[in-house]
Structure formats: C-alpha cells, structure tokens
Amino acid sequence: GALQAYGYLTLMDVHDPYPSFHGAKCLLALGRTADAESGLLAAIFNSQGKEQFADLHQQAVNLLEVIEKGKKSINETAA
C-alpha cells in the first residue's frame with residue numbers, strides 16, 4: 001500500500017524528492033534493490049542543490065553508496 005501511495009505522490013509533484021526516497025526504502029525492505037536504486041537516483045536528482053532537501057539528499061546518496069558497495073561485495077565473492 002505504501003508503495004502505491006508514494007507512486008501517486010510522485011505523480012502529483014514529480015519534483016518532490018520525498019516520495020521517491022521513501023518509496024525506495026520500501027523497495028529495499030522488499031528486496032527489490034534495482035527498483036530502489038532507481039528511486040534513490042530520482043530523489044538525488046530532485047534534491048540536488050536545493051537547501052531545503054539537503055538532509056534527504058545526503059541520506060539518499062549514502063543509501064545508494066551502501067547498495068553499490070553491497071553489489072560490489074557480492075560480485076567479488078562470486079568471482
């Protein structure tokens with residue numbers, strides 16, 4: 001239900017980074033990492049250079065870095 005609500009909120013204001021960010025966190029909880037990455041990228045894009053979204057921007061960047069490190073670690077282990 002939350003994902004659907006965040007999707008509607010995104011459609012209502014495509015420049016608001018909050019729905020993408022919170023939707024990405026839901027997707028991570030569901031194990032949908034690739035979809036979560038997409039949401040985080042949208043949140044980062046929509047919060048870039050906007051002081052009112054500085055905290056959210058940093059959180060999204062940090063979370064994306066954690067995901068990327070995790071993928072790198074998995075790839076190294078598989079190799």
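**Salt bridges**

Analyst: Lys 71 and Glu 37 join their side chains in a salt bridge, 3.1 Å from N to O. The term covers a side-chain nitrogen of Lys or Arg within 4 Å of a carboxyl oxygen of Asp or Glu. Lys 71 sits in helix α4 and Glu 37 in helix α3, so the pair ties together parts that are 34 residues apart in sequence. Before going on: this is a predicted model, where local features need pLDDT of at least 70 and side-chain atom pairs count only at pLDDT 80 or more, while totals for chains, interfaces and linings use all residues. Residues are numbered from 1 along each chain as its sequence is written, and side-chain values use heavy atoms, with hydrogens and water left out.

User: Is Glu 37 buried or exposed? And what about Lys 71?

Analyst: The general idea is a relative accessible area: buried means under 20%, exposed over 50%, and partly exposed in between (1.4 Å probe, protein chains only). Here Glu 37 is buried at 14%, whereas Lys 71 is partly exposed at 37%.

User: How many salt bridges does a search of the whole structure find?

Analyst: Two. Arg 32 also forms one with Asp 35, with the closest N and O atoms 3.0 Å apart. Both ends of that pair are partly exposed, Arg 32 at 41% and Asp 35 at 36%.

User: Let's zoom out. Which pattern does the protein follow along the sequence?

Analyst: It reads α-α-α-α, with four helices and zero strands. These elements are DSSP runs numbered from the N terminus (helices H or I, at least four residues; strands E, at least two). The C-alpha trace spans about 45 × 30 × 15 Å along its principal axes, and buried residues make up 27% of the 79 residues.

User: How do I read the nonpolar core?

Analyst: In soluble globular proteins, nonpolar side chains tend to be buried together. A nonpolar core is a set of buried Ala, Val, Leu, Ile, Met, Phe, Trp, Tyr and Cys residues joined through side-chain atoms within 4.5 Å. The largest one here has 11 residues, among them Phe 21, Leu 27, Leu 40, Ile 44 and Ile 67. Helices α2, α3 and α4 (54–78) each supply at least two residues of this core.

User: And what lines the largest pocket?

Analyst: Rolling a probe the size of a water molecule over the atoms shows where empty space is left. A pocket is an open set of 1 Å grid points where a 1.4 Å probe fits, with protein on both sides within 12 Å along at least five of seven lines; lining residues have an atom within 4 Å of a point. In this model the largest pocket is lined by 16 residues, with Thr 10, Ser 20, Gly 23, Leu 27 and Gly 39 nearest its centre. At least two lining residues come from each of α1 (2–12), α2 (17–29) and α3 (33–47).

User: Which residues does Ser 20 touch?

Analyst: Contact means heavy atoms within 4.5 Å. Setting aside residues up to four places away in sequence, Ser 20 touches Thr 10, Gly 39, Ala 42 and Ala 43. Ser 20 is found in helix α2 and is buried, at 12%.

User: Where is the place of His 15?

Analyst: In the loop between α1 and α2. His 15 is exposed at 52%, and beyond four places in sequence it touches Asn 46 and Lys 50.
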